[in-house]
Amino acid sequence: MAYEAGPTGFDLARALWAAGIRREGLAPSRLRRPAGERVKTDARDALHLAKLLRLDEFTAVRVPSPAEEAARDLVPTREDVRGDLMRARHRVSKLLLRQGLVWSGGVTWRPAHHAWLGAQRFDDVALQATATDRAFESVRRTQ
């Protein structure tokens, strides 16, 4: 059987292998689509995969072990989280800058800076709500 490899991982492939079913995960980027076929449907995809399998004209995807898959997931996930944190810190810094508040006590995002952030109070209700919001707090606490 053939299936188009995707973002759901390789559990299906491992389960089929364990059941003794020959399976081929096909790389979506390497599937040659018939000219003029712009609409993607499950029925068309299934027929296309069956033809490629029958003709032996496909590029198979190697199924990694669960440990390899976990390691491959770790790096991009960590990079995404780090990017999210940096964007959140940037937004907090710019919010404070618009209020005329600039940290001058040394390195930012360290315990002293976090304490300074937590001590900020605003007369405007919306601004104070922003400063006490859980997202703001999580950025302030991150070290």
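Does D11 count as buried or as exposed, and at what relative accessibility? In this predicted model, D11 counts as exposed, at 55% relative accessibility. The cut-off for exposed is over 50%.

The structure holds 5 salt bridges. One of them joins the side chains of D11 and R14, with an N to O distance of 3.1 Å. Both residues belong to helix α1 (residues 11-18). They sit 3 residues apart, about one turn of the helix. R14 also forms a salt bridge with E69, at 2.7 Å from N to O. This pair links distant parts of the chain, with R14 in helix α1 and E69 in helix α3, 55 residues apart. E69 counts as buried because its relative accessibility is 14%, and buried means under 20%. Beyond four places in sequence, E69 touches G9, F10, R14 and P64.

A further salt bridge connects R87 and D84 (2.6 Å, N to O). These two residues are 3 residues apart in helix α3, so about one helical turn separates them. R87 is partly exposed, with a relative accessible area of 47%. D84 is partly exposed as well, at 43%. Salt bridges with shared partners join D11, R14 and E69 into one network.

The largest nonpolar core has 9 residues: A88, V92, L96, W109, L117, F122, L127, A131 and V139. Helices α3 and α5 (125-131) are the elements that give two or more residues to this core. Its largest share, 3 residues, comes from α3. Another core, of 6 residues, lies apart from it and includes L31, L49, L52 and F58.

Notes
Residues are numbered from 1 along each chain as its sequence is written. This is a predicted model: local features need pLDDT of at least 70, side-chain atom pairs count only at pLDDT 80 or more; totals for chains, interfaces and linings use all residues. Side-chain values use heavy atoms; hydrogens and water are left out. Contact means heavy atoms within 4.5 Å. A nonpolar core is a set of buried Ala, Val, Leu, Ile, Met, Phe, Trp, Tyr and Cys residues joined through side-chain atoms within 4.5 Å. Buried means under 20% relative accessible area, exposed over 50%, partly exposed in between (1.4 Å probe, protein chains only). Helices (H or I, at least four residues) and strands (E, at least two) are DSSP runs, numbered from the N terminus. A salt bridge is a side-chain nitrogen of Lys or Arg within 4 Å of a carboxyl oxygen of Asp or Glu.
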